[in-house]
Amino acid sequence: MKSKLGFVKEYTKGLWENNPVFKQVLGMCPTLAVTVSAINGIAMALATTFVLVFSSIIISSVRKLIPSQVRIASYILIIATFVTIVDLVMKAQFPDLSKSLGPYIPLIVVNCLILGRQEAFSSKNGVLRSALDALGMGTGFLIALFMLGGIREILGSRTLLGFQIMPDFYEPWLVMILPAGAFLTLGLMMAYFNSIAINMKKKETDKIIEQYKKSKAAKTIEAGA
Amino acid sequence: MELILIFFSAAIVNNFVLAYFLGICPFIGVSNKISSAFSMGLATTFVMVVAAIVTWLIYHMILVPFNLDFLQYVSFILVIASLVQFVEMFVKKVSQPLYRALGIFLPLITTNCAILGLALFIVLREYNFIEGIFYGVGAGVGFTLAITIMAGIREELELADIPKPLQGAPITLIVAGILALAFMGFSGLISV
């Protein structure tokens, strides 16, 4: 576990295997609310990643000083501090984006993805591992939000990141940029990824069964059964 | 009249769950049974109203006079967390049956973004004290309505033959999408 491979794994597991949105179903509120367009999704995910990485670093470095009775409250305070920083910076540097994301930036405080990672990982692991884990989860969140925002933007307003993708004769589906479109798109995407995962698992088990049948061990198991 | 408009706007037209996506976690997590969903809705409504009152007072009595707006998020979340803790102790002391009905849901409410969202919306829209309370009640009723309808549908879904990849979260999200479409029928009813 302490090898170099272990560190790489801490990062990559958040991308797909434990993707926060598709696999863990965490952080749903911002995921659904801001993905009207791809750029909003990216901005939201970057803001969340920033908060996640820095609060993970702080929490993992003071994890032995925090009494376990008050840990949740301390985590929330640390997270809220970083969210305030992000909110003030965005208001100053990107006023348009800040306006279009509205109250969902402050709502990063209660994003269960962030608190969940602190509770499940940073409170038990070292600084470097926690930072990598947070970065991986943030990237996974970015991928999910970009995909969801991209699909909704292409189908709902013909564009991707502001460039026109769909031809003029394509009539935009208004429902995609409405709240209902967010629920439907995410539900269908999750179902699609689930079916891929189920197929992959089936192939794997088929392979193992095949190998078992070939080996002698299988015969004894079969006889035993 | 204004107050009634605010109430219906928060409860139905701009439903917190189905239009603003606030409180999705309990909406998906605790909507298996009608009875527990309804209890969750009541507990949330109660905390929402108290939180609306307390955060309004803190914002207008402490943060604004002392120019401490930047502490808004930190103080709101702290207040909500301790409020939930306090409500839990109070309910436990006063009414055992109510505690048994709501008990396990109360800690979950701290991380319900609908509560913090409510406090932020009240500041953002510059509601006065009374308007804030009505907005809180409306939002709570809307949340209860949405989560109870959802639980009713999911109880029926238990009997249905759902394809395997769709089971669990995906079918819940799709049902929520259809529900959101249905609630869109109310839009234009009130423009607040």
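In the predicted model, chain B is made of nine helices and contains zero strands. Read from the N terminus, the elements of chain B follow the order α-α-α-α-α-α-α-α-α. The radius of gyration of chain B is 17 Å, close to the 16 Å given by the globule rule for 192 residues, so chain B is as compact as a globular protein of that length. The C-alpha trace of chain B spans about 60 × 45 × 30 Å along its principal axes. Of the 192 residues in chain B, 46% are buried. Contacts in chain B between residues at least 6 apart in sequence are made up, to 81%, of pairs at least 24 apart.

Chain A has 10 helices and two strands. From the N terminus, the order of elements in chain A is α-α-α-α-α-α-α-β-β-α-α-α, with the two strands placed one after the other in this series. Along the principal axes, the C-alpha atoms of chain A fill a box of roughly 70 × 60 × 30 Å. Buried residues account for 40% of the 225 residues in chain A. Among the contacts in chain A with a separation of 6 or more, 74% involve residues 24 or more positions apart.

The two chains touch through 32 residues of chain A and 33 residues of chain B. On the side of chain A that touches chain B, two or more residues are given by each of α2 (28–34), α4 (71–93), α6 (112–122) and α9 (179–214) of chain A. The most is given by α9(A), with 11 residues. By class, this side of chain A holds 27 nonpolar and five polar residues, and no charged residues.

The largest nonpolar core has 116 residues. The residues with the most contacts inside this core are A:I79 and A:V109 of chain A, together with B:I115, B:L116, B:L118, B:A119 and B:M150 of chain B. Helix α8(B) supplies the largest share of the core, 11 residues. For B:I115, the contacts beyond its neighbours within four places in sequence are B:V47, B:M48, B:A51, B:I80 and B:I109.

Helix α8 (129–157) of chain B is also the element against which the buried residues of α1(B) pack. In α1 (residues 2–13) of chain B, the buried residues are B:I6, B:F7, B:S9, B:A10, B:A11, B:I12 and B:V13.

B:F21 lies in the loop between α1 and α2 (24–29) of chain B. Phi of B:F21 is near 55°, a positive value in a residue other than glycine. B:F21 has 27 C-beta neighbours inside 10 Å and therefore counts as buried, the cut-off being 20 or more. B:N67 is located in the loop between α3 (34–63) and α4 (72–94) of chain B. Phi of B:N67 is near 60°, again a positive value in a residue other than glycine. B:N67 has 8 other C-beta atoms within 10 Å and is therefore exposed, the cut-off for exposure being 12 or fewer. Positive phi is thus found in chain B both at a buried loop residue, B:F21, and at an exposed one, B:N67.

Notes. Residues numbered from 1 in each chain as written. Chains lettered and ligands numbered in written order. Predicted model: local features only at pLDDT ≥ 70, side-chain atom pairs only at ≥ 80, totals over all residues. Helix = DSSP H or I, 4+ residues; strand = E, 2+ residues; numbered from the N terminus. Contact = placed C-beta atoms within 7 Å. Nonpolar A, V, L, I, M, F, W, Y, C, P; charged D, E, K, R; others polar. Rg over C-alpha atoms; globule rule 2.2 N^0.38 Å. Core = buried A, V, L, I, M, F, W, Y, C linked by C-beta atoms within 7 Å.
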